[in-house]
Amino acid sequence: MRTARNPVIGGSHPDPSVCRVGEDYYLVCSSFEYFPGVPLFHSRDLVSWRQVGNVLKRPDQLRPAAGTPTSRGIHQPTIRHHGGRFWVTATDLSAGGTFVVTTDRLAGRWSDPVWLDLPGVVPDLAWDENGDCWCVTADGRTARIDPYRGTVLEGPWPTWSGGDTSSPKTPHLYHVGAWWYLLFERGQSLMVSRARTPRGPFEPAPGTFVDTAGPTRGSGRADLVTTPDGAWWLVRPGTREHPSGFHVLGQEVFLTPVRWRDEWPEVVGVAEAAPMPAEPHVPPTQFARDDFDDFVLAPSWISPRGLPDGSWSLTERPGWLTLHATGDTLDRPGCTFVGSRLRHLESRVSVRLDPGTARAGLSIRRDEAHRYDFEVVPGRVDVVARIGPVRQVVASRTRPPGPITLTVVTRTTDLVPPSFVRPTDDPAGVEPSGPDTIAFHVGDDAGPLAELDGRYLSPEVTAGLAGRVVGMYVTRGVAAFDWFDYRGFN
């Protein structure tokens with residue numbers, strides 16, 4: 001049997017939810033404070049995924065985006081298909097509520113959010129044979145709702161009867177045969193219960209549905225999906241274990257098969273390699289390189305909290321992405337930044353930049369207070385480390401005239417100690433112990449301008465849930481980028 005390597009979607013794509021329409025699968029993930037919100041993926045085999053859009057593409061669909069703290073914003077969406085329409089529900093932690101958006105075609109316009117008149121967060125949607133819509137929330141309550149208006153028609157009722165006082169977290173509700181199943185999280189394990197009606201009460205399964213065995217850790221929302229031939233699969237978020245104890249990419253999407261026994265679903269662990277559901281339908285490589293020849297930005301590009309009109313253009317200088325400064329520092333929200341989620345533990349990201357007299361460059365970041373900037377200013381190129389309250393220029397060189405190529409490389413071997421900046425530094429009595437080294441190269445220079453320890457851009461040092469994002473920025477004037485090239489090596 002063929003096997004697929006996990007994760008099937010690398011990088012920061014937490015809380016995956018999946019649905020099938022015919023032979024096509026669609027998957028969404030949490031997006032937190034980044035805009036556009038809720039990335040949307042398509043696959044024909046559950047293994048090879050391609051991002052085809054974003055659900056929340058208009059600023060008026062997100063509130064209040066400008067003031068969203070790191071790792072707040074949009075959490076734990078669910079995608080379902082019913083009545084010829086796609087439905088997505090999610091929680092906006094910044095707005096303090098849950099909502100539903102819908103569309104009859106993915107390439108079209110998603111509706112404005114309909115806010116649910118329900119307490120609690122992390123909603124889920126399911127329909128019964130009569131066409132009634134049921135919503136279950138993280139506080140363990142189920143209600144019959146009108147998804148077009150967000151009103152509650154019946155309930156909510158408590159659903160959980162698991163023998164303790166804790167409520168199910170991150171629930172999903174499924175109607176399979178004569179049973180309704182409730183899949184939810186407890187600690188770092190997934191549990192399942194069932195009832196004859198969505199009103200419950202739900203009886204717990206005799207054991208844990210899936211535990212944390214395998215090469216991943218972390219918790220979050222998982223989802224079940226069935227293939228056309230009747231097989232069942234689980235998509236679940238996880239972070240790959242690293243010997244250093246640091247984890248830099250955020251939660252990624254893992255796939256594992258599900259079996260049924262005595263009308264209960266079962267799965268054991270999340271394997272590094274899983275049996276492949278079908279012959280792979282490998283999509284064309286996306287986002288390996290963007291030459292900015294289109295009239296719209298590719299769906300993989302994201303910005304913290306928004307990207308205002310007038311801050312970017314693909315037509316002002318055809319074949320280039322032109323960025324206009326909207327803020328004078330990356331230390332606070334409101335700057336012009338266009339980036340991509342890092343998807344590989346080892347990567348090489350390059351840009352060709354014409355900065356003119358601007359202050360612009362390439363930044364690898366987790367949030368405003370934890371990032372490394374590769375910055376070009378008139379006459380100089382700097383590597384700037386921002387770690388908590390400290391902002392320090394750690395290396396500089398004279399800037400060559402004209403456009404310049406900047407490259408940021410992450411590697412997991414031949415690591416440098418945290419006290420090093422350049423390859424020529426003398427030993428400082430500290431052994432390498434971080435997850436990776438991040439190196440900064442200018443043009444065709446023989447060696448890096450600087451090499452920095454990657455631990456300071458990990459959740460073990462920073463706050464927040466999102467993984468690393470690498471992107472182009474400008475904080476003074478106007479700068480143009482000819483291309484962006486991303487290469488992943490593992």
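Visitor: What should I know about the model before we start?
Guide: This is a predicted model, in which local features need pLDDT of at least 70 and side-chain atom pairs count only at pLDDT 80 or more, while totals for chains, interfaces and linings use all residues. Residues are numbered from 1 along each chain as its sequence is written, and side-chain values use heavy atoms, with hydrogens and water left out.

Visitor: Why is the pair of Tyr-181 and Trp-260 called edge-to-face?
Guide: Rings of Phe, Tyr and Trp (its six-membered ring) pair if their centres lie within 6.5 Å; planes under 30 degrees apart count as stacked, over 60 as edge-to-face and the rest as tilted. A search of the whole structure finds twelve aromatic pairs. For Tyr-181 and Trp-260 the centres are 5.3 Å apart and the planes stand at 80 degrees, so the pair is edge-to-face.

Visitor: Which parts of the chain does that pair tie together?
Guide: Tyr-181 belongs to strand E16 (residues 179-186) and Trp-260 to strand E22 (residues 252-261), so parts 79 residues apart in sequence are tied together. Strands here are DSSP runs (E, at least two residues), numbered from the N terminus. Tyr-181 and Trp-260 also share one aromatic cluster with Trp-232 and Trp-264.

Visitor: Is Tyr-181 buried or exposed?
Guide: Buried means under 20% relative accessible area, exposed over 50%, and partly exposed in between (1.4 Å probe, protein chains only). Tyr-181 has 4%, so it is buried. Trp-260, at 31%, is therefore partly exposed, and Ala-95, at 26%, is partly exposed too.

Visitor: Where does Ala-95 lie?
Guide: Ala-95 is in the loop between strand E8 (85-92) and strand E9 (97-103).

Visitor: What makes Arg-317 a charge over the ring of Trp-320?
Guide: The rule asks for NZ of Lys or CZ of Arg within 6 Å of the ring centre and within 35 degrees of the ring normal. The charged end of Arg-317 sits over the ring of Trp-320, 3.8 Å from its centre. Arg-194 likewise lies over the face of Trp-179, at 4.0 Å from the ring centre.

Visitor: Why do E29 and E34 stand at the edges of their sheet?
Guide: The open sheet has six strands in the order E29-E38-E31-E32-E33-E34, paired antiparallel. Strand E29 (336-341) and strand E34 (390-398) each have a single partner strand, so one side of each is left without a neighbour in the sheet.

Notes:
Two strands pair if DSSP finds at least two bridges between them. Helices (H or I, at least four residues) and strands (E, at least two) are DSSP runs, numbered from the N terminus.
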